Amino acid sequence: MSSVKERLKAQIEVESSASSSSSSSQSAKEKQSTQESEEQAKMQVLVASLGEDQLDRYEAFRRSKFPQAQVKKMVQGMTGVAPSANCTIALSGIAKVLVGQIVEESLDIQETLKESGPIHPKHIREAIRRMRNKGLLGISKHRKCKLKRL
């Protein structure tokens, strides 16, 4: 467990040092470095308070990503235009956040049903249904899809 915490702390330090070196002006750089040091301290407190299971999940979340080649291929297939690298990166990040929200809602549903173990497809379907009804997905059940299938 301590090795996982040490790896996460090292990763946080590397990220903060890499982003602080990219600042151009001196005063902006100082402000940014103080903000980053505060954020780094908060992250270290958070990581120190996590249990072993939570730490493993957090590390898996940090390492997970959507393959950019697949995202590019999907966007190109839907729009007919090859997206830029920045667009692909942004869409990959948005997809990761969306999946995280769906999983979080699925876990809440599982908890309300007083079930344990891994989430099942019924939990995911219910989470998507609830998020759709709340308007969090931007997809309406009553709106027809304007994209045509080939």
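**Chain order.** I read the elements of the protein chain from the N terminus on: α-α-α-α-α-α. The count is 6 helices and 0 strands. I took helices (H or I, at least four residues) and strands (E, at least two) as DSSP runs, numbered from the N terminus. This is a predicted model, so I asked for pLDDT of at least 70 for local features and 80 or more for side-chain atom pairs, while totals for chains, interfaces and linings use all residues. I number residues from 1 along each chain as its sequence is written, and side-chain values use heavy atoms, without hydrogens or water.

**Surface and contacts.** I looked up the accessible surface of the protein chain: about 11600 Å², with 56% belonging to carbon and sulfur atoms. The areas come from the Shrake-Rupley method with a 1.4 Å probe; for residues, only the protein chains shown count as cover. Of the 150 residues, 19% are buried. My classes are buried (under 20% relative accessible area), exposed (over 50%) and partly exposed (in between), with a 1.4 Å probe and protein chains only. Next I took the contacts with a separation of 6 or more: 45% of them join residues 24 or more positions apart. Contact means heavy atoms within 4.5 Å.

**Helix H5.** I noted a nonpolar surface patch of Phe66, Val99, Val103 and Leu107, with about 290 Å² of accessible area together. Patch residues have over 30% relative accessible area and no salt bridge; like charges are joined within 9 Å, nonpolar side chains (Val, Leu, Ile, Met, Phe, Trp, Tyr) within 5 Å. Val99 lies in helix H5, residues 85-112. Val99 counts as partly exposed because its relative accessibility is 39%.

Is Gln110 buried or exposed? Gln110 is buried, at 5% relative accessibility. Gln110 also lies in H5. Beyond its neighbours within four places in sequence, I find Gln110 in contact with Glu115, Ser116, Gly117, Pro118, Ile119 and His123.

I checked Lys114, in the loop between H5 and helix H6 (121-134). Phi of Lys114 is near 55°, a positive value in a residue other than glycine. Lys114 is exposed, at 76% relative accessibility.

**Salt bridges.** How many salt bridges does a search of the whole structure find? It finds 3. My rule is a side-chain nitrogen of Lys or Arg within 4 Å of a carboxyl oxygen of Asp or Glu.

- Lys122 bridges to Glu115, with the closest N and O atoms 3.1 Å apart. Lys122 is partly exposed at 44%, and Glu115 is partly exposed at 30%.
- Arg129 meets Glu126 at 2.5 Å, N to O. Being 3 residues apart in H6, they are separated by about one helical turn. Arg129 is partly exposed at 37% relative accessibility.
- Arg130 meets Glu126 at 3.0 Å, N to O. Both lie in H6, 4 residues apart, about one turn of the helix. Shared partners join Glu126, Arg129 and Arg130 into one network.

**Rings.** I found the charged end of Lys96 over the ring of Phe61, 4.4 Å from its centre. The test wants NZ of Lys or CZ of Arg within 6 Å of the ring centre and within 35 degrees of the ring normal.
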